[in-house]
Amino acid sequence: MQEKPTQPLSPSEMNPLSSLDVWEDDLLERYPDPETIAKEKSTEEYRNYETPGRDTVREFYRLNHTYQTYDFVQEKRAEFLKFDRKEMSVWDAFNFLNELVDDSDPDTDLDQFQHLLQTSEAIRADGHPDWMVLAGLFHDMGKVLCLFGEPQWAVVGDTFPVGCAYSDKIVYPEFFKNNPDYSDARYQTPNGVYSAGCGLRNVHMSWGHDEYVYHMLKDYLPEPALYMLRYHSFYAQHREHAYDHLMDDHDRELFKWVNLFNPYDLYSKNPTPPNWTELRPYYESLVAKYLPATIKF
Ligand SMILES: [Fe+2]
Ligand SMILES: [Fe+2]
């Protein structure tokens, strides 16, 4: 029996997590240091780790794995890649993103912009190219999808290819049994609708903030920055190497940049907010160097 989202989704099917940060906090438990690959044992330890958020994270992945079908991805691409919703200056866009407030723990969590700024500042402090700093500043801009009424499981979460077999290296792989694609023979061979080594540019990923921000900025940033934006939540590949068979040499070369980027996203969180007044002139000129006056959403 194929499971489809009921219309409309209930509030708990839309947003099981108290905030998007719960997913990222959970990533830190799965990948506590930059070198971690979730081996059998650490996966088991991770599962047994008791935190209040664990059940909501599980429910979040149940919904994500159930509803992110190949057809769902095509629908969302058609809907959002027209970029006909809004047009804003970069700074208005950050203010808009910050409307995503986390009311679960207002004292300890920084807003979205602070996370972006801490990521970009950590990249800058290590002397990386300025376009990588800009990728850090923008990598989660796609989370505005939540403000357009999209459910959390269609905005965040680990991403994975659709249209081919699911890897058991993806977190909570057992929930893919609920996905209609799981019983569709076209989609359940290792290469599925793709061919071996076809390159990720030919592969459709589950829909979310990564793919959306990639398309938003694809005309403006150098390719390594675009890979960082597009694949930063593809943990099954950049940590677990589960989809080597779909990648080509170009992807392998560019994934060095994705791997370089990931620790800045995951480990740069700090309770002290950066001093925006001091930083502002640098970022204004960085944004002006690469981006047009307004961005389309
Ligand atoms: Fe992200
Ligand atoms: Fe992030």
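**Close-up views of a predicted model**

**View 1. The pairing of helices H9 and H10.** The axes of H9 and helix H10 (residues 223-231), which are lines fitted to C-alpha atoms over the stretch in contact, come within 6 Å of each other and cross at roughly 150°. Angles run from 0 to 180 degrees between N-to-C directions, and those over 145 count as roughly antiparallel, so H9 and H10 are roughly antiparallel to each other. Asp 210, Glu 211, Val 213, Tyr 214 and Leu 217 in H9 meet Leu 226, Leu 229, Arg 230 and Tyr 231 in H10, where a contact requires C-beta atoms, placed from the backbone, within 7 Å. By class, this contact has six nonpolar, no polar and three charged residues.

The structure is a predicted model, in which local features need pLDDT of at least 70 and side-chain atom pairs count only at pLDDT 80 or more, while totals for chains, interfaces and linings use all residues. Residues are numbered from 1 along each chain as its sequence is written, and chains are lettered from A and ligands numbered from 1 in the order in which they are written.

**View 2. The surroundings of Phe 138.** Leaving aside neighbours within four places in sequence, Phe 138 is in contact with Val 213, Leu 217 and Leu 229.

**View 3. Tyr 187 in its loop.** Tyr 187 is found in the loop between helix H8 (130-138) and helix H9 (209-217), and it counts as buried because it has 20 C-beta neighbours inside 10 Å, the cut-off being 20 or more. Although Tyr 187 and Gly 163 are 24 residues apart in sequence, their C-alpha atoms are 4.6 Å apart in space.

Technical notes: Two residues are in contact if their C-beta atoms, placed from the backbone, lie within 7 Å. Helices (H or I, at least four residues) and strands (E, at least two) are DSSP runs, numbered from the N terminus. A residue is buried if 20 or more other C-beta atoms lie within 10 Å of its own, exposed if 12 or fewer, and partly exposed in between; C-beta atoms are placed from the backbone. Angles under 35 degrees count as roughly parallel, over 145 as roughly antiparallel, 65 to 115 as roughly perpendicular and the rest as oblique. Ala, Val, Leu, Ile, Met, Phe, Trp, Tyr, Cys and Pro count as nonpolar, Asp, Glu, Lys and Arg as charged, and the others, Gly among them, as polar.
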